[in-house]
Amino acid sequence: MPREESRQLYAWLPVIILVLVLVTLAVGGVALHYVEHYLIAATGDSLALAAADIADKLDTILFERYADTQVLAHSPVFRTRDVAAMTRHLNLNKEVYGYYLWLGVTDAKGRIVAATDPTSVGRDRSRSGWFRAVRAQGSIYVEDAEPSEYGGGAFAVTFTAPIKGSKGEFLGTVSTRVRMAELEQVFERTVRAFQAQRGPAGRIEWQFMNRDGDLIVDSFLRQEGMVNLKVMGLPSALFVGTTQPGYVEETHLRRHVPVVTGYAQTEQRGNFLGLHWGILIRMDRSDILAPIQAVLWKLGLAGAVVFVPMVGFLLWITTRLREEWATAQEESARAAAAEAAVRESEQRYRHLVDHAHDIIYSTDAEGRFTYCNPTAIRLLKYSPDEFLGRRYLDLIRPDYRQTAERFYGLQFVRRTPSTYFEVPVLAKDGSDMWIGQNVQIILEHGRFEGFHAVARDITERKRAAAELQKAKEMAESANRAKSEFLANMSHEIRTPMNAIIGMADLLLESPLTKEQHEYVRIFKRAGDNLLTLVNDILDLSKVEAGSLTLEHVEFDLVDLIEKTSEMVAMVAHDKGLELACQVMADVPRDLVGDLHRLRQILLNLLGNALKFTMAGEVVLRVQLDGSAPPYRGGESVTLLFSVSDTGIGVPADKLDVIFESFTQADSSVTRQYGGTGLGLTISKRLTELMGGRIWVTSAVGQGSTFSFTAKFRVQGEPKLRALTQPAELKGMKALVVDDNATNRMILKEILTAWGMQVVEVPNGMEGLAELERAQESGDPYHVVLLDCRMPEMDGFQVGERLRDIPNLAGVTVMMLTSDARMGDKARSQELGMAGYLVKPVKRAALFDAIAAAVGKSRVFALGPALDAAPAPARDQRALRILLAEDSQDNRLLVQSYLKHTPHHLDLADNGAIAVAKFSATRKIRQWEKETGRPPTPIIALSAFALQEEIQKSLDAGCTAHLTKPIKKAILLNAIQEYIMSVTK
């Protein structure tokens, strides 16, 4: 019993010590809170007094300047017309009083006649607020602090007093502007005195604000005119003017730390009503409490040195006494618990083994069974006596025994602790069963004693795997058959299409009547549509097979966008639609990715937009993806592409369905507009491969916006642009006249990027008015970009009016049109216009036109368009070309393509005749290699369009592969490229 009482006493000692510690900490916390509250209140009162002192000094200074301006207005010199004397008097006042930024005198009409800044003399200030207020009231007028046009936009307070004659008539005004920087020195002197009183600890911030809360002086950020403290909800700013000077605890708007702010307001002085500025002075709460925190830190450190070791020693003594008492009790309980745990563990293990669904067994060193669980007996149908003593190899199917013996023999030799092996075994009735077993070897003192094994019946899994493999082989066979069928069908369709489309191109180059030209254009368009359908079906098959891959090549994004829009521009022109493209200035243009697949997506979306839009506009925009991490220059960038139209729109319940294969929003749409519904499906898959997604927003009858994101790598070194604007374009004035707001916005962005000053107007009448206004003000426009098709007054009518106005006849005008009609270009030249451009306008073409119009020149010249046929060179080398083609129509087509070239063409009806003149491609390459001859260019003209077929041609040794149908320009470019390489 005494030992039990001692144990209870020892148990209470830590509690008593903990209570003493907590009481001490609580008393210290209350004292600390009181001291902190006292320091905050004392410092807040000091800050409020400093703010009130500054407000009083500002009132005095502003009242003095108010009186000075009144005295200055009564100076006799201002009632004379002696400008020199007035200027001397103004400069004398500016030199004597350092507060003034600017002093000036106006006449009764508001024109400045004398000023300390000679550049301001002669300016008309009749519309300024201070002049009209003084003229209307006949008394002095004070304008609150605003950025001044003098002194680099520095803030200043304006005092303006009327100048009156001997009979009281209004002769003009005298105006003075007082620097805010001079008034700010009042803050600095007061704050220095305050800091000298408190000591160097902490920093002090101060701010001026006007009665509306606009910041006019900031001691740290210098954000004058850009922040309204009352709108931002700063408590000290809201209290100014509502109470006497005081202080408030609040949170710093920028640094988000607790601060104490003293506030006061300037008041009326004499007959000067005052500007009622708010004065704010603040200190960080941590700086105010820094002195007491330093003291507390030292006291806490000293207390910890003494108190903590003492408490620790007492706790250690108590713990030791309790541990010794408990040790004896634990030792006796531990032995009993260990014995019970062993018995329970053995029973639990035996239960798990006997009721396991897996086969569990053990063997000796010779591989004979020494134990097996009931599951093994049940599955293999042997009795326990038949199992024990039998070798494990006797149960393995004969054809697998040697493999199993070799596998486990290696495990025993290498002493591998555990292995897994799948093997077929035989039951007693002769049926076989597959098992997968984990085998662990038994080692005692380094000697092999046998092994334990856990095996599971995997017969069903093996059967399912075999069936799955068979199904996989059948699916692969079907997929190969499908791919071969698509390849053959593509070949069979492309072969006649090559002749159809090629002959249509040749017919369009020949003299035709208008009716014949329309017939040829119709069947050429039908051929192009059929080609698009074939390409879509091939791409869809790749999507379904998962074999669609992307290329990674360098390309110019702006060039790609402009050329893509140029490809569909004719459709837009024919339908009278506005087609516009906009690439934001912060989008990197030198990228790495699959430009062909990107062009395919854009053409699909632009084609759909033009197809389903009857009137209005189609706009393509490219910008940085706002949902991705901000791009600050790096290896990759995510871009957002959007195509907006004003077409028929898509119903809300069809927005997700349209991205499925062979699906459109309505079957009637297919009948009216055509299409297969494959384009959006392929575009969706391509955007996913590019690391992005595609979606649509639409309203029926209002239009649709198809958007998609894509991720690209950014080229390490930016390319040297072929377009460099001359420095003379900077500052030139340009007027954009267009009734389409999107076109005006894009043109303004392009011209502004070149350093030009741009003004835009929505119609011809306003454009003429703006030109006349600028001409009369002496600041005329240099360039006018004029839309051709505008309501009420079109571009040609504007041009005729300009020609009839003498002072505007010489302005440089360029016509922009969405539909190039016959005779428009000649008419624009008759009107003296400097250029005629078709929308969407390329940046390079627009720059060329402006540079030529103003007499400038490009620094570099652009290369030829990629899709244009090369012009024959004077020294073009005549080649001997062998054409192996089994289609007579296609042979005739290639002959027509090369008819006007110096090349000699040999014909072969099929590959066998070609081999009679040259060996097969591989043999040709081998022969060239053996004889040291340079490779002969071999261009495959094939109707096979799948990538695998193209790769076969290249692997066989072909120089290039062109897929039918082949256009004339593409074939001549390929031949020209060979000539250029030989010349080099």
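Helices, of at least four residues, and strands, of at least two, are DSSP runs that are numbered from the N terminus. This is a predicted model, and in it the protein has 26 helices and 31 strands. Of the 984 residues of the protein, 42% count as buried, and among contacts between residues at least 6 apart in sequence, 61% join residues at least 24 apart.

**The largest cavity**

- The structure holds four cavities of 30 Å³ or more, and about 240 Å³ of space lies in the largest of them.
- Around the largest cavity there are 18 lining residues, and those that lie nearest its centre are Cys581, Ile746, Ile750, Pro840 and Val841.
- At least two residues of this lining come from each of helix H13 (557-575), strand S17 (578-583) and helix H17 (741-753).
- Sorted by class, the lining of the largest cavity has 12 nonpolar, two polar and four charged residues.

**The second largest cavity**

- The second largest cavity has a volume of about 140 Å³, and of the 14 residues that line it, Tyr361, Phe369, Leu395, Val425 and Ile435 lie nearest its centre.
- Two or more residues of the lining of the second largest cavity are given by each of several elements, namely strand S11 (359-363), strand S12 (369-372), helix H8 (374-380), strand S13 (418-426) and strand S14 (432-444).
- The lining of the second largest cavity has 13 nonpolar residues and one polar residue, with no charged residues.

**Aromatic rings and charges**

- The count of aromatic pairs comes to 20, and one of them, formed by Phe555 and Phe712, is edge-to-face, with 5.9 Å centre to centre and 75 degrees between the planes.
- Because Phe555 lies in strand S16 (residues 553-556) and Phe712 in strand S22 (residues 703-714), this pair ties together parts that are 157 residues apart in sequence; both Phe555 and Phe712 are buried.
- One aromatic cluster includes Tyr361 and Phe369, two residues that are also among those nearest the centre of the second largest cavity; other members of the cluster include Tyr382, Phe387, Tyr392, Phe407 and Tyr408.
- The charged end of Lys462 sits over the ring of Trp434, 4.7 Å from the ring centre, and the charged end of Arg693 sits over the ring of Trp695, 3.9 Å from that ring's centre.

**Helix H21 and what covers it**

- In helix H21 (residues 843-853), the buried residues are Ala844, Leu846, Phe847, Ala849, Ile850 and Ala851.
- The elements that cover the buried residues of H21 include H17, strand S25 (783-787), strand S26 (812-817) and strand S27 (835-838); H17 also supplies at least two residues of the lining of the largest cavity.

**Ser818 in its loop**

- Ser818 has its place in the loop between S26 and helix H20 (824-830), and S26 is among the elements that cover the buried residues of H21.
- Because its relative accessibility is 7%, and buried means under 20%, Ser818 counts as buried.
- With its neighbours within four places in sequence left aside, Ser818 is in contact with His573, Leu577, Glu578 and Lys839.
- Ser818 and His573 are 245 residues apart in sequence, yet their C-alpha atoms are 5.7 Å apart in space.

Conventions: Residues numbered from 1 in each chain as written. Predicted model: local features only at pLDDT ≥ 70, side-chain atom pairs only at ≥ 80, totals over all residues. Heavy atoms only, no water. 1 Å grid on protein atoms, 1.4 Å probe; cavity = no way out; pocket = protein on both sides within 12 Å on 5 of 7 lines; lining within 4 Å. Points joined across faces, edges and corners; volume = space filled by probe spheres on them. Nonpolar A, V, L, I, M, F, W, Y, C, P; charged D, E, K, R; others polar. Phe/Tyr/Trp six-rings, centres within 6.5 Å; stacked < 30°, edge-to-face > 60°. Buried < 20%, exposed > 50% of the residue type's maximum accessible area, 1.4 Å probe, protein only. Lys NZ or Arg CZ within 6 Å of the ring centre and 35° of its normal. Contact = heavy atoms within 4.5 Å.
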